[in-house]
Each structure stands twice: as C-alpha cells, then as structure tokens.
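Open the model in your viewer and keep the selection tool ready.

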Amino acid sequence: MGHGNLNDMKEILAIVESLRATRGDPNGKSPVENFGFISCANAVHIKHVPFYEPCVILVLSGRKTMMEGRLPIVGEAGDVIAVPAPASFDLRNEPDTHSKQYRALILPFNNDLLGRLVRTHDIAHDSKRHHIQVLKFGRDETLLASVKHYLSSVGDHKLMAHRLMEILLILAG
C-alpha cells in the first residue's frame, strides 16, 4: 500500500469544511449526513468515551491517542483508527503544532454492514473472539481516495452505503 500525503488530508478537510458550512455546527462535534467531524484547538483528554456503533476515525490533523487497557493506540494525521462497539475508551486529542488544530473525520457503521462485508467478500471472521480491539492503519492512498469518494456522495444514501463498504473492504484487505 502506498502512503497518502498531507495534501490528501487538506483535500478531505476542504470537502468536510464545505459540507459543514452548509449543514454542520461551526464549533466542536458536527454530524453531517452519515459522518461526524471533531475539531479542537486545545488538547482534550476524556475518560470512558462511549462508542455505541463501530466507526472508522481518520485523523486529519494533530494526534489521537486511544487507551485500550494500558496500551496506547496513537494515530497521526493520515492514520485511520477502527473502533469496535459497543465499547468505551479513554482518549486524548492533541492539536497539530503548526495549525494548532486537532481534526478528525468519523465514519460510523453498524454491525450489519460488517456481517454483509464478511459474507459478500468471503472474509475470514472468528465469531468466537470475544474481544474486538482498536486497530490502527497507516496512511494509504487507496483508502484516502475512497474516503474522498464517500464524501462526494453526501445526499445519496445508497451510494454512501456502497462507498462505506468500499472503505471497510480496503481496511479488511
């Protein structure tokens, strides 16, 4: 897998910002269609953050640290963190030293979509595994292109669902 660059993050951020301008809240957490956006100018440490649905978090700027037990999972700009649910994690969001902003895109999905992914694409799945963990994926051009496609589909729910499946398939590969 190739590495995405910071220009990809800027492009994705520009798309998200344009969608937020017409649909979101200018401060803090902004749900827009089928995704969320987190932005902060100061380091934030929150304990026991509940995740009701699994999600994929793309760090656009800054650093996200999630504690799974005593193990920190650290995502930098361009990294993707897959979060299982239902679960609760301690997390820390730290702004980038240059832009002074932490920004992240959150793509929630449901377990039905994961089940369909496993069945449709014949992906091995250990149903006896009780503990599903947080997974970190490094920068990847194909994944970032898929996120851009997903964002360009806002308003078309069928196409958004298809493109979310594409993102999950890339992560499963």
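A residue counts as buried when its relative accessible area is under 20%. Keep that cut-off in mind; the model you are viewing is predicted.

**Stop one: D79.** Select D79, in the loop between β6 (71-76) and β7 (80-83). Its relative accessibility is 8%, so D79 counts as buried. Now show the backbone of E76. Its nitrogen lies 2.8 Å from a polar atom of the D79 side chain. Next, display what D79 touches beyond four places away in sequence: I57, L58, V59, V74, K136, F137, G138 and R139.

**Stop two: the aromatic pairs.** How many aromatic pairs does the structure hold? There are two.

Select F35 and Y150. Their ring centres are 6.4 Å apart and the planes meet at 65°, so this pair is edge-to-face. Color strand β2 (residues 35-40), which carries F35, and helix α3 (residues 141-151), which carries Y150. The pair therefore ties together parts 115 residues apart in sequence. Both F35 and Y150 are buried.

Move on to F51 and F89. Here the ring centres lie 5.9 Å apart, with the planes at 65°, so this pair is edge-to-face. F51 sits in strand β3 (residues 44-51) and F89 in strand β8 (residues 87-94), so the contact ties together parts 38 residues apart in sequence.

Are they buried or exposed? F51 is buried, at 12% relative accessible area. F89 also counts as buried, at 6% relative accessibility.

Conventions
Residues numbered from 1 in each chain as written. Predicted model: local features only at pLDDT ≥ 70, side-chain atom pairs only at ≥ 80, totals over all residues. Heavy atoms only, no water. Phe/Tyr/Trp six-rings, centres within 6.5 Å; stacked < 30°, edge-to-face > 60°. Helix = DSSP H or I, 4+ residues; strand = E, 2+ residues; numbered from the N terminus. Buried < 20%, exposed > 50% of the residue type's maximum accessible area, 1.4 Å probe, protein only. Polar contact = N/O pair within 3.5 Å; in protein donor to acceptor, adjacent residues only side chain to side chain. Contact = heavy atoms within 4.5 Å.
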